[in-house]
Amino acid sequence: MSKHPSRSVALAATARAAPPGFAFVPVTTRAFNSLISAATFPRLVSVTAPSGYGKTVLLSRLYEALKSRGLRCLWCSLDDRDSDLSSLLHLIELVTESGPGTADCLEDAPAASFPSRGARIDTVLAQLFRSGRNTVLFIDNLGFCRDQHLATFLDHLVFAAPASLHFVLSSAESVPLDVVRAKLELGAVELHSAHLSFDRTSTANLLSNAGIAVAAEADLDRIQEKTEGWPAAVRLLQVLMSSPQQIPDVPAAVGLQEMLEHFGGNQRDIAAFLTRRVLVGFAPMLVTFMLEMALVREFSGELATAMTGHADACAWVNSLVTRNVLIFPLDQNCRWFRFHTLLREFLLAEGRQVVSGARRRELLSRAAEWHADQGDDITALDIALEAPLVPMALNLIDRVGQAVAGDQGRMTSYIRWFERLVTCGATPSLDAHGWYVWALCHTLQYERAGQTLVELEQRAADAASSRVELRMRLGFLRLVIDLYLDRLAEAGQTARAWLAMDGPRDSLSQACVMAVAAIAEFDRGDACSAGRTMALSSAAMGRAGSRWGQTWVAIVQACIEIAKARPDLADELLSGTRDQATRALGPSANVVATLDFVHARALLDLGRQDEARVLASRGLERAADHGLLLTAEQGVLTCVALANPDDEDGLDDDAIDVVVRNYPARMGALLAAGRVRRMLELGNIVEAMGMARTMNLIGTDAPTRQTPSPSERGDWLLAKADVLIAQGCTDEARALLETQLKRANEDERHRDRVELWLATAEMEQKLGKIEKAFHALSQAIVAAAPGGLLQPFLRRQVLVRGIMARHPPREFGFIQAHELALLDHIDAWLRPQGADAEGERMTSWNGIEVPTERELQLLSLFDQGLSNQQVADRLMLSITTVKWYLRNLYPKLGVSSRSAALAKARANNLLPRRR
């Protein structure tokens with residue numbers, strides 16, 4: 001470990017967790033005046049401009065001004081090491097950790113026991129949102145973060161924040177945020193280069209502050225014309241005008257006009273020109289010093305002395321600060337500094353021509369050793385790899401692995417260090433290799449993580465001794481990878497082996513492994529075993545005390561209860577859990593969105609469709625960024641069941657497809673199965689059969705393209721049964737239904753039992769065996785009654801309505817209260833409009849085959865007097881398709897014309913009564 005572990009993090013992050021203190025007097029710009037003079041500071045300020053426009057200066061001045069007004073101001077500054085979201089999250093954690101309510105929030109934070117970026121985001125947002133005070137969060141140089149999930153994080157950060165939280169974001173590139181929405185909802189202010197440019201007054205003030213007098217107004221106009229108000233160019237020009245020497249081969253007495261003649265080209269050309277001229281005025285040893293110090297991102301006088309070996313290093317640093325040579329302090333005490341990006345780029349380019357390779361290695365070696373001696377192992381490792389100093393880097397990466405990859409979650413940094421070492425031909429330790437696999441998992445690179453884990457397992461097997469802690473860690477990594485790659489059978493086996501190991505484990509890790517074992521059991525269709533395992537996981541998670549973990553356990557338990565036909569218990573569990581999770585993690589937490597997605601399925605099963613639609617839409621917005629296939633399956637299939645092309649509720653096919661593409665391939669097969677069932681429900685037989693063939697559910701001429709084989713449960717199983725029945729393959733359908741009913745009963749998959757009994761009823765009804773259909777419906781109601789499961793009966797409402805019309809409630813012979821209650825509920829839902837009395841219901845089917853929902857929809861429109869073309873337009877079908885539906889419908893009703901079909905449908909109470 002580090003000699004000073006507590007200082008290692010502080011030294012590495014202090015410079016980026018507070019605004020810089022400038023040695024010069026900043027120029028007051030129009031942008032600053034407009035923001036600070038506003039009656040109310042905007043909820044969001046977005047500052048976007050190329051390097052050299054003074055973004056950091058503007059943010060620093062706003063920070064000091066708002067802090068003096070009593071606002072709580074938080075500062076995060078990114079650099080090129082912070083390319084991933086986890087680095088930004090780490091910085092936000094650092095600057096908010098001393099705020100009120102932090103202790104409670106940190107108790108809810110997940111430990112490094114399971115890779116979930118969503119969990120860390122939830123914790124950081126909750127920590128930030130809890131303050132209660134008027135707070136302004138400044139994030140400087142946000143453009144360095146290239147993470148694909150940054151846009152989603154910013155969306156949650158900005159739009160879910162309380163009104164007391166304000167944001168100031170700066171970037172050299174456009175901020176990945178819906179600024180138009182932010183302007184409408186939050187009154188956001190968007191600043192660009194034009195707002196940050198110096199006008200004549202600003203330029204005059206800058207020169208005046210430096211003791212330079214511009215005699216003529218025309219000179220200011222000339223400066224504005226040449227620099228175009230670019231602050232970096234004006235400041236370099238000011239340094240040049242202050243220098244004892246100006247431009248080589250130009251007399252010292254040359255005036256401003258002659259100096260400006262050398263301007264031209266783009267901004268970087270101007271910066272390079274001015275920088276080169278500025279350096280001409282410096283002593284050669286000072287120029288060499290600058291070229292050498294540019295090798296490190298930040299420096300102090302002490303580091304400069306140790307790194308260069310020059311006794312005058314501290315004095316040279318002070319001299320550069322005094323001359324305002326695009327050098328910025330990084331802390332309020334002006335101890336640490338950095339060169340402006342433009343100046344450092346120039347110095348590095350020049351240094352490659354001037355500083356020898358041996359001298360460069362010597363400088364970096366001294367810098368790395370100095371940081372290591374100070375306890376800043378992270379910066380030391382960065383510099384050691386730049387040299388490269390392989391033995392030192394190998395030692396350091398072992399020392400920082402837990403802190404960086406485990407505690408701070410800076411996975412991209414760790415991956416970069418590890419891969420750089422391997423490129424140098426080094427062999428990191430087993431522990432360092434393990435953290436590398438862990439980091440790959442956290443950055444969603446599961447395939448690479450799996451390949452790397454194979455190498456690590458081989459190394460561990462070849463080692464003379466393998467600690468039980470290492471074996472348990474490798475096992476945990478293996479089950480994580482298998483889980484996210486949808487290899488659930490393998491994940492379940494690894495989980496059981498891990499639980500059987502005799503080694504140290506914490507409650508959170510144990511709870512997570514048990515949950516994986518339960519998910520594997522559930523996936524193979526054994527809801528009974530999964531329920532027992534999740535009970536053990538819940539107990540272990542209770543001991544761990546993680547609210548995030550407890551919420552996830554509740555979500556998985558709810559999925560199992562839904563499979564057991566107990567949406568009532570799932571609803572109760574999720575409602576209570578959501579209240580607790582919202583209090584601990586905030587309403588915008590990713591885990592809350594996952595909970596809502598699953599809760600929508602429970603509410604749909606209870607017949608509460610409007611509530612389900614709200615939660616399904618809310619969950620779908622976020623489902624691409626979080627969740628497991630198990631939870632996504634519940635929500636996605638709910639969206640399919642609720643989707644209506646005529647509604648603008650966000651549940652359209654395109655939105656669903658976007659989510660599904662972010663999950664393993666099997667999710668696409670499950671979605672297709674759900675859509676086949678929905679098409680059959682709506683009477684879209686042709687489309688349903690086409691998709692079923694693509695999925696290899698039917699037909700011998702199915703495409704050779706292989707599709708995943710989801711477990712024989714849920715919509716995948718039921719789609720097979722529905723397709724066989726629609727095709728008239730009754731023998732095959734009967735065999736499937738009988739076999740699967742037995743298995744579903746053994747595994748306590750009572751929801752599947754309900755659906756299978758209803759499929760059996762439909763098959764028997766199509767065969768004209770009405771009494772057997774009635775018996776199957778009765779069995780479905782018995783299985784569904786304890787949990788109040790309603791949705792499967794609504795899905796087959798035409799079938800159920802027809803059977804119940806022939807058999808009044810008393811004929812079912814139910815005596816249990818919950819069975820009678822569900823029967824009444826079904827009866828109330830399915831009774832045609834206006835048919836409130838029992839005598840008004842259909843009393844005889846006369847052998848009529850039940851029309852599909854789509855066929856009844858067509859009949860209803862024809863009953864309103866619409867023509868074929870009008871019906872086709874209303875349902876977005878072709879006239880040919882409408883006629884195809886009619887040709888299929890007439891034989892079912894035993895008629896040969898539309899008028900006769902309408903009369904038969906009215907006589908049998910299949911249509912709502914017209915008022």
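I began with Asp486, which counts as buried because its relative accessibility is 18%, where buried means under 20% relative accessible area, exposed over 50% and partly exposed in between, with a 1.4 Å probe and protein chains only. I then noted that phi of Asp486 is near 65°, a positive value in a residue other than glycine, and that Asp486 lies in the loop between α25 (468-484) and α26 (488-500); helices (H or I, at least four residues) and strands (E, at least two) are DSSP runs numbered from the N terminus.

I kept in mind that this is a predicted model, in which local features need pLDDT of at least 70 and side-chain atom pairs count only at pLDDT 80 or more, while totals for chains, interfaces and linings use all residues. Residues are numbered from 1 along each chain as its sequence is written, and side-chain values use heavy atoms, with hydrogens and water left out.

Next I looked up Asn141, which has a positive phi of about 60° although it is not a glycine, and found this residue in the loop between β3 (135-140) and α7 (150-159). Asn141 also counts as buried, at 18% relative accessibility.

I turned to the rings and found 13 aromatic pairs, taking rings of Phe, Tyr and Trp (its six-membered ring) as paired if their centres lie within 6.5 Å, with planes under 30 degrees apart counted as stacked, over 60 as edge-to-face and the rest as tilted. One of the pairs is Tyr63 with Trp75, edge-to-face at 5.9 Å centre to centre and 85° between the planes. Tyr63 lies in helix α3 (residues 55-68) and Trp75 in strand β2 (residues 72-77), so the pair ties together parts that are 12 residues apart in sequence. I noted both Tyr63 and Trp75 as buried, and saw that ring pairs link Tyr63, Trp75 and Phe138 into a cluster.

For charges over rings, I required NZ of Lys or CZ of Arg within 6 Å of the ring centre and within 35 degrees of the ring normal. The charged end of Arg61 sits over the ring of Phe32, 4.3 Å from its centre, and I found the charged end of Arg473 over the ring of Trp435, 4.3 Å from the centre of that ring.
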